[in-house]
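Subject: The structure we talked about

Hi,

Here is the structure I said I would pass on. Have a look at it first, then read on for what turned up.

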Amino acid sequence: MTFIAGPYTATYTPPGGAALALGITQDGFDLQWTQHGDVIRGDNLGESIQDGVWRGHDCYLEMLCEEFDAAALYGAHTTSASAMWPGSTHFGRHGQVGRLFSALAGSLILTKVAGTGAVPATTLTAGKAILANGHVVRSKMATRLKTVPLRFLLLPYTASSEIVHFVNV
């Protein structure tokens with residue numbers, strides 16, 4: 001039996017921008033996925049699922065940021081968007097509608113902190129990461145520690161002739 005533990009750091013690079021640190025998180029990063037399929041049921045077994053047709057899956061990476069480069073989350077008001085405001089280069093501005101998620105998605109890279117036991121991956125690279133559709137981002141405006149919950153949708157893309165949601169090295 002092997003126990004697995006160890007911290008990771010993360011950077012987000014918006015399209016046309018530079019890599020920015022997402023900083024420390026309250027409890028690391030949660031890699032999540034949802035499988036899709038058409039289930040096969042037959043009257044012979046009532047409502048029991050007898051088989052299914054696999055129809056792909058969606059991948060997400062979720063975190064609660066505590067200490068971060070403000071430009072990474074809120075934007076630097078330059079030529080690139082931010083992690084939590086992908087539709088515009090300025091936080092609070094609406095941006096042009098009708099663009100594809102894939103055109104707005106940036107690169108999200110998790111890297112194992114050196115000298116720790118984090119396995120199975122040294123790095124996890126999601127080449128097309130964007131704020132998840134329907135995810136509610138909260139940013140407290142108070143004297144308390146500002147924490148920002150983020151959930152990224154990891155879109156599929158081509159890497160080394162394979163379609164992937166992320167590359168795990």
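This is a predicted model: local features need pLDDT of at least 70, side-chain atom pairs count only at pLDDT 80 or more; totals for chains, interfaces and linings use all residues.

**The chain as a whole**

You will see two helices and 10 strands. Read from the N terminus, the order is β-β-β-β-α-α-β-β-β-β-β-β. The chain has 169 residues, and 31% of them are buried. It exposes about 10,400 Å², with 55% of that coming from carbon and sulfur atoms. If you take contacts between residues at least 6 apart in sequence, 56% of them link residues at least 24 apart.

I would start with β7, which covers residues 148-154. Six of its seven residues are buried, so the rest of the structure largely encloses this strand.

Which strands pair with β7? One is β4 (residues 49-67), which runs antiparallel to β7 and is joined to it by seven bridges. To find that pairing on screen, look for Glu62, whose bridge partner in β7 is Arg151, or Leu64, which is partnered with Pro149. Another is β6 (residues 123-131), also antiparallel to β7, with three bridges. There, Ile130 has Leu153 as its bridge partner.

Strand β4 has a further antiparallel partner in β3 (residues 24-41), and 14 bridges join those two. Thr25 and Cys65 are bridge partners in that pairing.

**The cores**

Where do the nonpolar residues gather? The largest nonpolar core has 20 residues, and the ones with the most contacts inside it are Leu22, Met63, Leu108, Leu150, Phe152 and Leu154. The elements giving two or more residues to this core are β1 (8-13), β4, β5 (106-112), β6 and β7. Another core, of seven residues, lies apart from it and includes Tyr60, Leu104, Ile130 and Ala132. As background, nonpolar side chains in soluble globular proteins tend to be buried together.

**Rings**

How many aromatic pairs does the whole structure hold? The search finds one. It is formed by Tyr12 and Phe152, whose ring centres are 5.6 Å apart and whose planes are at 25 degrees, so the pair counts as stacked. Because Tyr12 belongs to β1 and Phe152 to β7, the pair ties together parts that are 140 residues apart in sequence. Are these two residues buried or exposed? Both Tyr12 and Phe152 are buried.

A second ring to look at is that of Tyr60: the charged end of Arg151 sits over this ring, 3.8 Å from its centre. You have met both residues already, as Arg151 is the bridge partner of Glu62 and Tyr60 is part of the seven-residue core.

**Thr123**

Last stop: Thr123, in strand β6. Its relative accessibility is 22%, so it counts as partly exposed; the cut-off for buried is under 20%. What does Thr123 touch, once its neighbours within four places in sequence are left aside? Its contacts are Leu110, Thr111, Val167, Asn168 and Val169. Val167 is 44 residues away along the chain, and its C-alpha atom is 8.0 Å from that of Thr123.

Cheers

Note on methods. Residues are numbered from 1 along each chain as its sequence is written. Side-chain values use heavy atoms; hydrogens and water are left out. Buried means under 20% relative accessible area, exposed over 50%, partly exposed in between (1.4 Å probe, protein chains only). Helices (H or I, at least four residues) and strands (E, at least two) are DSSP runs, numbered from the N terminus. Two strands pair if DSSP finds at least two bridges between them. A nonpolar core is a set of buried Ala, Val, Leu, Ile, Met, Phe, Trp, Tyr and Cys residues joined through side-chain atoms within 4.5 Å. Rings of Phe, Tyr and Trp (its six-membered ring) pair if their centres lie within 6.5 Å; planes under 30 degrees apart count as stacked, over 60 as edge-to-face and the rest as tilted. A charge sits over a ring if NZ of Lys or CZ of Arg is within 6 Å of the ring centre and within 35 degrees of the ring normal. Contact means heavy atoms within 4.5 Å. Accessible areas come from the Shrake-Rupley method with a 1.4 Å probe; for residues, only the protein chains shown count as cover.
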